[in-house]
Amino acid sequence: LRKIVQSVLYRKKDFYSHTNYTAKALEALEAHNALKFTIDSIDKSALSSFMVSQTKRRDAQEKKYEIGQEKIKQRNLQIGLILLLALVLLSSLITYFWYQRKKLQEQLEKDRVEKEMIKSQIRAINSQMNPHFVFNSLNSIQELIVTNDIRNSNIYLGKFADLMRKTLEYS
């Protein structure tokens, strides 16, 4: 609409200048220029308003983007902290179970050594009892021979020899 009014005023000026109405042509030219100035002012104002609104919209979008980026950073930080905490907890559990296993192995080794000591003591006691038994048996056979009980001394001596053979085989 503004362009039509401007065009009409410009043609009115042309018409008056061709018909030698100079005052009216100047008046139409001034009206045209005033309208053009007003339209240019409105256009500039509208353009600056548009630019301001575009700048505000862009600033709002940038702010929204920055807030989104900050939220992403915070979420990533939270995830990182949770993962770090889980890693610390997992390593603590592994260390605890490793320590418990080591302690158990040490206890088992201690028990094994203790059993070996007990077996060794039993062997020592058996080795002390064996010579005593052998000497007692030989003394009993000697007594049977001295008393001229040949038959019983022979049986006893045979059984003693078998017992010694089996003992040596097992040991």
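At 49% relative accessibility, does Arg165 count as buried, partly exposed or exposed?

Reply: Arg165 counts as partly exposed, because its relative accessibility is 49% and the class of exposed residues begins only over 50%. Bear in mind that this is a predicted model.

Start with the surroundings of Arg165. Arg165 lies in helix α3, and so does Asp162, three residues away, which is about one turn of the helix. The two residues form a salt bridge, with 3.2 Å between their closest N and O atoms. Side chains of opposite charge can pair when their charged atoms come close. Asp162 is also partly exposed, at 40% relative accessibility.

Helix α3 covers residues 150–170, and Ser153 has its place there too. Ser153 is buried, with a relative accessible area of 6%; the limit for that class is under 20%, so Ser153 falls within it. The side chain of Ser153 reaches the backbone oxygen of Ile150, at a distance of 2.8 Å. If neighbours within four places in sequence are left aside, Ser153 is in contact with Ile141, Leu144 and Ile145.

Now take the chain as a whole. Its secondary structure consists of three helices and zero strands, and the order along the sequence is α-α-α. The chain has 171 residues, and 8% of them are buried. Of the contacts in the chain with a separation of 6 or more, 36% are between residues 24 or more positions apart. The accessible surface comes to about 15,200 Å², and carbon and sulfur atoms account for 62% of that area.

A search of the whole structure finds three salt bridges. One of them is the pair Arg165 and Asp162, described above. Another joins the side chains of Arg112 and Glu109, at 2.5 Å from N to O. Arg112 and Glu109 are both in helix α2, three residues apart, again about one turn of the helix. Arg112 is partly exposed at 44% relative accessibility, and Glu109 is partly exposed with a relative accessible area of 40%.

There is also a salt bridge between the side chains of Glu62 and Arg58, at 3.9 Å from N to O. The cut-off for a salt bridge is 4 Å, so this pair is counted. Glu62 and Arg58 are four residues apart in helix α2, which spans residues 22–146, and therefore they are separated by about one helical turn. Glu62 is partly exposed, with a relative accessible area of 40%. Arg58 is partly exposed as well, with a relative accessible area of 43%.

Charged pairs are one topic; the nonpolar surface is another. Leu77, Leu81, Leu84, Leu87 and Val88 make a nonpolar surface patch of about 490 Å². Val88, one of these residues, lies in helix α2. Val88 is partly exposed, with a relative accessible area of 44%.

Conventions:
Residues are numbered from 1 along each chain as its sequence is written. This is a predicted model: local features need pLDDT of at least 70, side-chain atom pairs count only at pLDDT 80 or more; totals for chains, interfaces and linings use all residues. Side-chain values use heavy atoms; hydrogens and water are left out. Helices (H or I, at least four residues) and strands (E, at least two) are DSSP runs, numbered from the N terminus. Buried means under 20% relative accessible area, exposed over 50%, partly exposed in between (1.4 Å probe, protein chains only). A polar contact is a pair of N or O atoms within 3.5 Å; within protein, one must be able to donate a hydrogen and the other to accept it, and residues adjacent in sequence count only if both atoms are side-chain atoms. Contact means heavy atoms within 4.5 Å. Accessible areas come from the Shrake-Rupley method with a 1.4 Å probe; for residues, only the protein chains shown count as cover. Patches are made of residues with over 30% relative accessible area and no salt bridge: like charges are joined within 9 Å, nonpolar side chains (Val, Leu, Ile, Met, Phe, Trp, Tyr) within 5 Å.
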